[in-house]
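Subject: Structure handover

Hi,

Here is the structure you were waiting for. Please open it alongside this note, and my findings come after it.

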Amino acid sequence: MRTPKTPALSSIDSFHRHRCTTYPALTFTQLTTLLTNSTVTQASNPRHATQIHSHLITTNSLPIPLLHTQLINLYAKCGQLEQAVLTFRTTRHCSNVVTWTSLITHLSHSHRPLEALSLFAQLKRSGPSPNPHTFSAVLPACAEAGSPATGRQVHALAHKHGVASDVYVASALADMYAKCGDMGDSQRVFDEMTQRNLVSWNALIVGFVRNKMYHRATEAFRELLADQALSPDQVSFSSVLSACANGGGIDFGRGVHGHAVKLGMASTLDYVRNSLIDMYSKCGCLDEAMKLFDSCSDRDVVTWNVMMMGWIESDRMENACNCFRAMIREGISPDEASFSTVLHALARLASWGQGAAIHTLVVKTGFASNRCVGSSLISMYAKCGSLDDAYRSFEEAEDRTNVVAWTAMITAFQQHGHGDDVIQLFEQMLREGVEPDYITFVSVLSACSHNGLVDQGFKYFYSMSPKVTPGSEHYACMVDMLGRAGRLDEAKRFIDTMAIRPDSSVWGALLGACRNYRNLELGDEVARRLFEIEPDNAGNYVLLSNMYAYHGRLEEAKEVRRTMESTGLRKETGCSWIDVWNETYVFTVHDRSHDETEQIYEMLGRLKELVKAKGYAPDTQFAINDVEEHKEQSMWYHSERLALSFGLISLPVNAPIRIKKNLRTCGDCHTVMKLVSEIFRRKIILRDANRFHQFADGSCSCKDYW
């Protein structure tokens with residue numbers, strides 16, 4: 001039977017037209033009890049709240065402040081916040097400070113901070129004097145509105161009213177400053193407190209974690225443990241474990257685990273248990289995370305999600321996907337985090353088939369309209385090389401104001417080398433009033449870089465401020481853009497005038513340009529800077545060594561290699577993957593471990609003859625395994641060429657060949673792929689560490705500008 005629709009009640013008089021005789025005349029105590037019990041037991045029944053409201057009017061009980069406040073609470077807790085606000089406005093003369101405070105609290109908790117602040121401003125002008133609870137209620141709204149200036153004004157007003165030292169107000173102040181990113185003022189408020197409770201300590205610890213000050217968070221937790229009058233709760237434990245997880249504090253984390261066990265929280269409280277699994281996973285102790293996970297008898301969806309993320313953190317994507325399937329088998333319904341996580345794993349695996357199957361499940365379970373899941377679908381299809389499916393998912397998104405979905409699609413176009421589409425979609429996004437964020441600009445500037453759009457790139461870069469503060473990624477894109485255009489001196493001057501200190505990504509972009517344009521003098525200077533900034537990155541040594549070798553300075557090239565080897569650095573081994581009939585095959589350089597090695601190398605020899613007949617001339621600067629090994633033969637055994645040969649002999653003639661590589665593909669392999677796509681009339685999709693290359697009819701989607 002359908003529940004009758006509650007009529008819209010726009011004034012007190014309308015209640016008389018909607019009187020309900022459900023309740024006979026009740027005493028004040030009975031009315032108070034009725035309202036209190038209704039708030040707890042019938043919060044999902046708006047009609048019940050309307051009936052009580054009508055009864056209060058007909059019995060002339062509404063002006064009683066206590067009943068008036070309880071009625072507003074009842075409306076708010078049964079999902080009728082608009083009616084609560086309307087009731088307050090039409091009967092404001094019945095309200096006392098408790099009523100005002102209650103409504104401010106509900107607005108703040110319902111993520112309507114501007115309305116909460118507006119109501120507080122009205123209270124200051126014409127309402128009763130605010131009490132400590134009022135200040136505690138409005139300060140979270142200051143934080144959510146991202147208005148530290150307003151928060152400071154409220155702080156000053158609290159001083160004026162003599163309540164700034166109240167433990168609840170001070171705790172709310174510390175929390176507000178922390179959420180606004182000002183840990184200095186947060187710590188100052190905390191230090192000035194004459195009395196502290198657990199909420200105060202948690203505000204400080206959570207604030208340090210939120211602002212990525214993980215060491216300070218663990219120090220604050222130590223101080224909390226030293227306070228004999230207080231004992232940490234699940235918020236304290238979960239927060240400090242998050243600090244250990246993100247700060248790599250496994251030893252302290254184990255100590256926290258022991259303390260949680262001592263207090264009986266490690267196994268009985270979900271938050272603490274899940275935080276422990278997360279901490280061990282992120283610290284690389286996956287065996288300990290698995291032991292905790294396996295010991296859980298009542299695993300909820302959050303526990304499964306944390307374990308899936310643990311597998312991803314350990315770069316074991318197949319295990320993450322298996323974990324998702326096991327969760328389904330156990331009857332646990334996935335939530336948005338579950339879908340986003342497994343789609344991320346499938347994107348890393350570039351497993352289009354499994355991703356499409358998850359997409360079907362997303363639709364069946366009603367998550368297709370979810371912002372995070374929709375954006376994850378776009379990214380998954382794009383990273384599986386299916387730009388059409390990615391764009392279809394983007395067009396099907398119901399929320400056109402979702403900057404994450406727009407950014408995911410812009411990034412997809414950028415990774416596939418569709419610079420014009422990036423610009424068109426970005427301009428459409430601006431026309432529709434969607435504000436780009438930090439990541440959006442990274443993708444747009446990267447597209448400008450990879451498509452030679454220098455003037456356009458500068459236009460977008462300077463349009464960022466003041467809404468988005470340029471970061472190292474944006475500066476790196478600009479340097480890369482100038483470098484790819486051959487404007488190396490201008491790129492160097494741009495770095496010298498940066499508003500922030502250039503990091504390895506910025507200098508690395510310039511070093512790559514020096515290699516491409518064979519500018520050894522500047523390349524040597526940049527490489528030396530990189531040796532200081534990131535001494536453990538072997539790739540910088542390899543690039544400089546190859547540059548020396550290309551210019552015939554073999555002794556210096558050998559010296560760079562010896563320096564690299566003396567410090568124990570080794571270049572990451574290049575690997576390529578290809579999926580054939582739902583099975584993944586991995587190749588490394590000179591790989592001869594496969595059952596069909598003979599046929600693979602036979603096809604490789606055939607390719608060599610065919611591309612030479614097409615005019616192929618090897619570029620030996622990419623034979624980098626040894627400085628003396630500048631010869632054509634070494635390049636023919638690069639992992640992506642072995643994967644290509646295997647694909648040609650194993651896949652149907654009409655099927656695209658999809659290859660993944662963990663490093664940037666070399667220029668010579670790029671040339672070979674183009675020629676092979678023309679000779680065999682095959683579509684070849686290569687995803688390397690930087691972007692996608694779609695080869696067809698002798699050309700690449702990157703337009704040879706990657």
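Below is what I found, taken feature by feature.

One point before the rest: this is a predicted model.

Pocket

Start with the second largest pocket. It holds about 620 Å³ of space. Its lining has 28 residues. Those nearest its centre are Trp 352, Asp 579, Val 580, Asn 582 and Arg 658. The lining divides into 15 nonpolar, six polar and seven charged residues. Five elements each supply at least two lining residues: helix H21 (352–364) and strands S1 (575–580), S2 (583–588), S3 (657–661) and S4 (684–687). Strand S3 gives the most, with four residues.

Cavities

The structure also holds two cavities of 30 Å³ or more. The largest cavity has a volume of about 70 Å³. Ala 368, Ser 369, Asn 370, Arg 371, Gly 374 and Ser 375 are among the residues that line it. Helix H22 (residues 371–383) gives the most to it, with three residues.

Helix H29

Which residues of helix H29 (residues 488–496) are buried? They are Leu 488, Ala 491, Lys 492, Phe 494 and Ile 495. These residues cover an arc of only 160° around the axis, so they sit on the same side of H29. Note that Lys 492 is in the buried set. On the other side of H29, Asp 489, Arg 493 and Asp 496 are exposed. What covers the buried residues includes four helices: H27 (454–463), H28 (472–484), H30 (504–516) and H31 (520–533).

Two single residues

His 450 is found in helix H26 (residues 438–450). Its relative accessible area is 9%, and the cut-off for buried is under 20%. His 450 therefore counts as buried. The His 450 side chain makes a polar contact with the side chain of Arg 691, at 3.5 Å.

Thr 91 is found in a loop, between helix H5 (81–90) and helix H6 (97–109). Is Thr 91 buried or exposed? Thr 91 counts as buried because its relative accessibility is 1%. Thr 91 and His 68 are 23 residues apart along the chain. Their C-alpha atoms are separated by 8.5 Å.

Best wishes

Technical notes:
Residues are numbered from 1 along each chain as its sequence is written. This is a predicted model: local features need pLDDT of at least 70, side-chain atom pairs count only at pLDDT 80 or more; totals for chains, interfaces and linings use all residues. Side-chain values use heavy atoms; hydrogens and water are left out. On a 1 Å grid over the protein atoms alone, a cavity is a set of points where a 1.4 Å probe fits but cannot get out, and a pocket is an open set with protein on both sides within 12 Å along at least five of seven lines; lining residues have an atom within 4 Å of a point. Grid points are joined across faces, edges and corners, and a volume is the space filled by probe spheres set on the points. Buried means under 20% relative accessible area, exposed over 50%, partly exposed in between (1.4 Å probe, protein chains only). The arc is that of the directions from the helix axis to the C-beta atoms. Contact means heavy atoms within 4.5 Å. A polar contact is a pair of N or O atoms within 3.5 Å; within protein, one must be able to donate a hydrogen and the other to accept it, and residues adjacent in sequence count only if both atoms are side-chain atoms. Ala, Val, Leu, Ile, Met, Phe, Trp, Tyr, Cys and Pro count as nonpolar, Asp, Glu, Lys and Arg as charged, and the others, Gly among them, as polar.
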